Amino acid sequence: MDDYPLLNIFLTMMWFFLWVLWLMLLFRVIVDIFRDDSLNGWVKAGWSIFVIVLPLVGVFVYLVVRGKGMGRREVAALAERESRYYEAAERRAFQGTGQADELARLADLRNHGDLTPQEFEHAKAKVLAR
């Protein structure tokens, strides 16, 4: 440990984390290239080749040219995912109860006098028909 001082350990860790940060940025740019629906196949291929062949220059040029749209596409993708989640959750909330739960709810309504026996039979037939 005497021939590798504390400052060298710090510098090695810093370069390692900068390298990891660089790889994350590179993959994020590549994902954004393929996520963008406004680009046609040839433009996507061109950007991909540029970023892969000259990664340092390619990523920085991509960020300068298309960086603002990158954030917008990310926000749009997150908003779409969130809306799909809430739609699915809403569908599950309305259809998630099984026949037994619905019949129990109908019986409870009948027992409390909220449903007449005819309404109960009609609703029960509707539930059982599904």
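A charge is said to sit over a ring if CZ of Arg is within 6 Å of the ring centre and within 35 degrees of the ring normal. With that in hand, here are the close-ups, all taken from a predicted model.

**View A. Arg 110 over the ring of Phe 120.** The charged end of Arg 110 lies 4.1 Å from the centre of the Phe 120 ring and sits over that ring.

**View B. An aromatic pair between helices α2 and α3.** Six aromatic pairs are counted in this model. One of them joins Trp 47 and Tyr 62, whose ring centres are 4.9 Å apart with 85° between the planes, an edge-to-face arrangement. Distant parts of the chain are linked here: Trp 47 belongs to helix α2 (residues 41–53) and Tyr 62 to helix α3 (residues 55–95), 15 residues apart. Trp 47 is buried, at a relative accessible area of 14%, and Tyr 62 is buried too, at 0%.

**View C. The rings of Tyr 85 and Tyr 86.** These two rings have centres 5.3 Å apart and planes at 65°, so they make an edge-to-face pair.

**View D. A cluster of rings.** Here, take a look at Phe 16, Phe 17 and Trp 19, which ring pairs link into a cluster.

**View E. Helix α1 from end to end.** Helix α1 (residues 6–35) has 30 residues, which at 1.5 Å a residue should span 44 Å. Its end C-alpha atoms are 43 Å apart, in agreement with that expectation. The buried residues of α1 are Leu 26, Val 29, Asp 32 and Ile 33.

Note on methods:
Residues are numbered from 1 along each chain as its sequence is written. This is a predicted model: local features need pLDDT of at least 70, side-chain atom pairs count only at pLDDT 80 or more; totals for chains, interfaces and linings use all residues. Side-chain values use heavy atoms; hydrogens and water are left out. Rings of Phe, Tyr and Trp (its six-membered ring) pair if their centres lie within 6.5 Å; planes under 30 degrees apart count as stacked, over 60 as edge-to-face and the rest as tilted. Helices (H or I, at least four residues) and strands (E, at least two) are DSSP runs, numbered from the N terminus. Buried means under 20% relative accessible area, exposed over 50%, partly exposed in between (1.4 Å probe, protein chains only). The expected span of a helix is 1.5 Å times one less than its number of residues.
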